[in-house]
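Okay, thanks for coming, everyone. Let me put the model up and then walk you through a few spots in it.

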Amino acid sequence: MSDDRLIVALDVPHAVAGLELTRQLGDAVSFYKIGLGMLTGGGLALANELKQEHGKRIFLDMKLFDISATVEAAVRGLAQFDLDFLTVHGDPHVVRAACEGAAGSDLKILAVTILTSLDRADLDAALIRDGDIPDLVATRAARAFEAGAHGIIASPNEAAVLRDLPEAEGRLIVTPGVRPAGADAGDQKRIATPARAIADGADHIVVGRPVHLAEDPRAAAKAITAEIAAA
């Protein structure tokens, strides 16, 4: 049986490959993430097919960022697809606009704090203010919650700090950058194992390459859900 705390990222080139991967995974996975990489490869059509025809939960990872009116309009359009999660950048004006666009639907708005592929050197290069990353993530998360976000996206390294925030009560913490022990970190810089992420307070973990690049994706997914259950 599946555990929807595991979200498998369909980081494959197009919808045909995504559908084939979901076929291989079968009932071992019930929740999928579809991101920008597949947007031009039929990602929205795949999201709708998996949701409506296969009963899967869908996390649309768009990381929207724009002026308020544009974000609100985009989210209102996406909300009609009856999906589960949608990401936007965690700036308060973006979160507020996204929540307005999602009003009246069951779509949950998740605010991105700081991407898991970034470290302090990357933030310096982007002229982001000084400070330790966990502190910056906590500040952005609190502001996003105040703006109405249903949850936040952060690395598993910050999950425990975020779970302790008063503003986080009743909100979701979703952690990408999760790697089973011994797996290649890839381009992720702030990572943890599935068990650690869940133990530290994550509601859902997102795993991509360790599943879809595995020799046996179904076995890889089942091993992760077993680790989650043990946590």
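Let's start with helix 4, residues 92–102, whose buried residues are Val94, Val95, Ala97, Ala98, Cys99, Gly101 and Ala102. Buried here is under 20% relative accessible area, exposed is over 50%, and partly exposed is in between, with a 1.4 Å probe and protein chains only. Helices are DSSP runs of H or I with at least four residues, strands are E runs with at least two, and both are numbered from the N terminus. This is a predicted model, so local features need pLDDT of at least 70 and side-chain atom pairs count only at pLDDT 80 or more, while totals for chains, interfaces and linings use all residues. Residues are numbered from 1 along each chain as its sequence is written, and side-chain values use heavy atoms, with hydrogens and water left out.

So what covers those buried residues of helix 4? The cover includes strand 3 (57–64), helix 3 (68–79), strand 4 (85–89), strand 5 (108–112) and helix 6 (133–146), where contact means heavy atoms within 4.5 Å. After helix 4 comes glycine 104, with a positive phi near 90 degrees.

Now the sheet. You've got a closed barrel of eight strands, 1-2-3-4-5-6-7-8, with parallel pairing; two strands pair if DSSP finds at least two bridges between them. On average, neighbouring strands of this sheet are turned by 25 degrees against each other, direction ignored. Strand 7 (172–175) and strand 8 (204–207) run parallel and are joined by two bridges, and valine 174 sits opposite histidine 204 in strand 8.

Helix 10, residues 217–230, lies across strand 1 (6–9) and strand 8, at about 150 degrees to strand 1. For angles, axes are lines fitted to C-alpha atoms, for helices over the stretch in contact, and run from 0 to 180 degrees between N-to-C directions. Helix 10 also holds glutamate 227. Is glutamate 227 buried or partly exposed? Partly exposed, because its relative accessible area is 24%. Leaving out residues up to four places away in sequence, glutamate 227 touches Thr193, Pro194 and Ala195. Its C-alpha atom is 8.8 Å from that of proline 180, 47 residues apart along the chain.
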